[in-house]
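Please read the briefing below alongside the sequence and the coordinates, which are shown first.

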Amino acid sequence: MAESSNGATAADLRKVVQPVAQGEPILQVRGLVKHFPITQGILFQKKIGAVKAVDGVTFDLMKGETLGLVGESGCGKSTVARLLMNLESITKGSVLYKGDDLAKLSGRALKAVRRNIQMVFQDPYTSLNPRMTVADIVGEPYDIHPEVAPRGDRKRRVQELLDLVGLNPEHINRYPHQFSGGQRQRIGIARGLALNPEIIIADEPVSALDVSVQAQVVNLLEKLQNELGLSYLFIAHDLSVVRHISDRVAVMYLGRIAEIGTDAQIYDHPTHPYTQALLSAVPVPDPDGREHRERIILTGDVPSPANPPSGCRFRTRCWKAQDICAEQEPLLQIRTGLDGLAAHDSACHFAEEKDIVGAS
Amino acid sequence: MPDMNKQQREQLPTASDEQPQFGSIENPGLMLADEEGTTLEKRGAYAAPEVQGPQSKPRGAWGEAWRELRHNPSFYVSGVLLLFLIFMAFFPGVFTDIDPRHCPILDTNKDPSGDHWFGTNVQGCDVYARTVFGARASIIVGVATTALIVVIGGLIGALSGYFGGWLDTILARVTDIFFGIPLLLAALVFMSSFKDRTVWTVVAALGIFGWMQIARIMRGSVITVKKSDYVVAARALGAGTGRILGRHVLPNAIAPVIVVATISLGTFIATEATLSFLGIGLPPTEISWGADISSATTALRDSPYQLIFPSIFLSVTVFSFILLGDAVRDALDPKLR
């Protein structure tokens, strides 16, 4: 994809990219930390603490894969997206794009790398400027990165992008309010694709849409991935959507990753108690299966990220918690005694397979 | 908006022709109905809205506001009045052949007649001619002062709203200090320090002491807009501050400023008249409604017409601008209705 990022048209990109060998990381996130300071005072502000929104997140995004990032509201998954997009400054840790540390790049090199990471936003009603036409919205990336497309070529490119995402290329002079929610999200996706990125960070791209439209947009994202060889970081809280689109899934809790593995490993063989509790809350359409499954009801609320529990973050709500959980932070690793699909990274001292959805 | 509905109706099939439901967690395959099929269907469907013809021409948010404005009777009333007054300000010769500075003292304090439609003033000048020629000062002061406060207030408000932090703290305090000074008093002091007072001195006095409301409105508006997702999206694309402010923040934050500016235009005209009435506005050599109203008060009992006619013109002008401001507000912010 890198060689086609300049001067290539969307039509060229249509050619099906060969499935890439797994295990070639395109984005490596290492110990990512984001603390938002809590300040006191109006004129002379004093730092009195920090909200630990993201507190040591490590994962790899492989070329051509979709990594799902799930977790409840406030667990820091959107902050991870904003950190990867450089919308927030990183407190600690590093993000490596093809081995280059983004924090160490600057100027033109950084701008060139940034071009390869684009974002699709959650709410298609607020993420498009109401006073700009579709041509201006989708073409704006070319104004900011003029080296990607010569000026005379832009209109044609915008039309190709609209066609690519399933919108009528004739509609480039319309305004966002003349489109439905699903169509607007397609415009947002077209804007994200304008610079021929390799990575798309999708922050809850379908949660603001109707269920039927969600399916269209998810299918569109999959189609684009197949055609353009994109890598997705797909952030969502809808577990079934994530399972559908993801090759691998990471579960976040209170600024840390609780468990990470392939979709089969996470959904059919979860070993972290939090993942098990999350999965047990997914509605089951089969009445028979519903009666025979176990619901894990967690007690209490998510602790404040300004003052997270010591050791394991989940211990305050975990039914397996023992003394060691408060003293020792569980590392994200494969636990001994687990085999088969259950053998994947899990941040629990007592990781143990538990069949929640009754798939096996 | 009948034609909008039509458009939406025709777009509906595109939005709902794809049916897949999300499957359960155990059965994710369910939601993959078909991909090729839907794509083809869509290609066929999206051509549909074309048949609507030229009236489906795209309309932006400003276009919508303009359409809204054209359906508002008060826009027509104020628009016609203002066009008339502006025409009068720039081409007074069309309305009268009489020289407003030709004042035969023998004609002093005459009542309206065929020769002098509005009568004459104490010096024998024709009140009708003076009223017609007086429009220019009022219109210039109103329009120029409003332009000035939009620039000053808009700039200060946009900077403090967009950048926040210490810059906002400083600019907010400066705004508060200026807010504490009464406009008329400050303008009086400012004007009295100039020997040669012209229309532009009045504009400067009113502009320097009249921008605070615009600044506050702009600041609030910018703060709201800068948090919106499309601004974040522009930042994510790597847009610089200039582009974000110019292309995304200002076009979306300017609407309330336009409304307040239009309404305050009328009040600036009234303030200019007040200053001239108090004798500190335009010099006697300039013709202005305020100065004429002021000098007419001495002859109020003998000859009230020389006070009444310029006052009516002044009131109608101020009223027209305020009415226009109301219409613009209704058009730009339908929620307020």
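**Chain A and a span of chain B**

Among contacts in chain A between residues at least 6 apart in sequence, 67% join residues at least 24 apart, a contact being two residues whose C-beta atoms, placed from the backbone, lie within 7 Å. This is a predicted model, in which local features need pLDDT of at least 70 and side-chain atom pairs count only at pLDDT 80 or more, while totals for chains, interfaces and linings use all residues. Residues are numbered from 1 along each chain as its sequence is written, and chains are lettered from A and ligands numbered from 1 in the order in which they are written.

Overall form of chain A
- The C-alpha trace of chain A spans about 65 × 60 × 40 Å along its principal axes.
- Chain A contains 12 helices and 12 strands (DSSP runs numbered from the N terminus, H or I of at least four residues for helices and E of at least two for strands).

Helix 7 of chain A
- Helix 7, residues 211-228 of chain A, reaches 26 Å from its first C-alpha to its last, close to the 26 Å expected for its 18 residues (1.5 Å times one less than the number of residues).
- Just after helix 7 of chain A, Gly229(A) takes a positive phi of about 65°.

Chain B
- The end C-alpha atoms of residues 135-325 of chain B lie 20 Å apart, and the span is 80% helix and 0% strand.
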